[in-house]
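Work through these exercises with the model open beside you. Try each task before you read its solution.

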Amino acid sequence: MRPRTAEKCHYLCPKCGDRLSRDRAGKGWVRHLFNRRCRYENGMND
């Protein structure tokens, strides 16, 4: 998921409602914490 989308949604996935984790490395990635099967904006980064 794109970081700017995650920021707009307060780090909750708009599709499944799972919490999202920020990218610690600063490379523009965001990931789901619990629901890894959600495909919303999968593989996209800013």
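The exercises below go from the whole chain to single residues.

This is a predicted model: local features need pLDDT of at least 70, side-chain atom pairs count only at pLDDT 80 or more, and totals for chains, interfaces and linings use all residues. Residues are numbered from 1 along each chain as its sequence is written, and side-chain values use heavy atoms, with hydrogens and water left out.

**Exercise 1. The chain as a whole**

Task: Describe the elements and the extent of the protein chain.

Solution: 
- Start with the elements. Helices (H or I, at least four residues) and strands (E, at least two) are DSSP runs, numbered from the N terminus.
- The protein chain has 1 helix and 2 strands. Their order from the N terminus is α-β-β.
- Next, the extent. The C-alpha trace spans about 25 × 20 × 15 Å along its principal axes.
- Then burial. Buried means under 20% relative accessible area, exposed over 50%, and partly exposed in between (1.4 Å probe, protein chains only). Of the 46 residues in the protein chain, 30% are buried.
- Last, contacts, meaning heavy atoms within 4.5 Å. Take those between residues at least 6 apart in sequence: 34% of them join residues at least 24 apart.

**Exercise 2. The nonpolar core**

Task: Find the residues of the largest nonpolar core, then follow A6 and V30.

Solution: 
- A nonpolar core is a set of buried Ala, Val, Leu, Ile, Met, Phe, Trp, Tyr and Cys residues joined through side-chain atoms within 4.5 Å.
- The largest one has 7 residues: M1, A6, Y11, C13, L20, V30 and C38.
- Look at A6. Leaving aside neighbours within four places in sequence, A6 contacts M1, Y11, L20 and V30.
- Turn to V30, in the loop between β1 and β2. V30 has a relative accessible area of 11%, so it is buried.
- Beyond four places in sequence, V30 touches M1, R2, P3, A6, L20 and S21.

**Exercise 3. The cysteines**

Solution: 
- The test is a pair of cysteine sulfur atoms within 2.5 Å. By this rule the count is 0 disulfides.
- Check C16 first. C16 is in no disulfide, and the nearest cysteine sulfur, that of C13, is 3.8 Å away. C16 is partly exposed, at 33% relative accessibility.
- Now C38. Its closest cysteine sulfur is in C13, at 3.7 Å, so the two are too far apart for a bond.
- C38 sits in the segment after β2 (31-32). C38 is buried, with a relative accessible area of 10%.
- Not counting residues up to four places away in sequence, C38 touches C13, K15, C16 and H32.

**Exercise 4. The largest pocket**

Task: Which residues line the largest pocket, and how do they divide by class?

Solution: 
- Begin with the idea. Rolling a probe the size of a water molecule over the atoms shows where empty space is left.
- A pocket is found on a 1 Å grid over the protein atoms alone: an open set of points where a 1.4 Å probe fits, with protein on both sides within 12 Å along at least five of seven lines. Lining residues have an atom within 4 Å of a point.
- The volume is about 160 Å³.
- The lining consists of M1, W29, V30, R31, H32, R36, C38, R39, Y40, N42 and G43.
- Sort by class: 5 nonpolar, 3 polar and 3 charged residues. Here Ala, Val, Leu, Ile, Met, Phe, Trp, Tyr, Cys and Pro count as nonpolar, Asp, Glu, Lys and Arg as charged, and the others, Gly among them, as polar.

**Exercise 5. Backbone and burial**

Task: Are H10 and Y11 buried or exposed, and what is the phi of each?

Solution: 
- Recall the background. Most residues other than glycine have a negative phi.
- H10 has a positive phi of about 60° although it is not a glycine. Y11 also has a positive phi, near 60°.
- H10 is exposed, at 66% relative accessible area, whereas Y11 is buried, at 17%.

Note on methods: Points joined across faces, edges and corners; volume = space filled by probe spheres on them.
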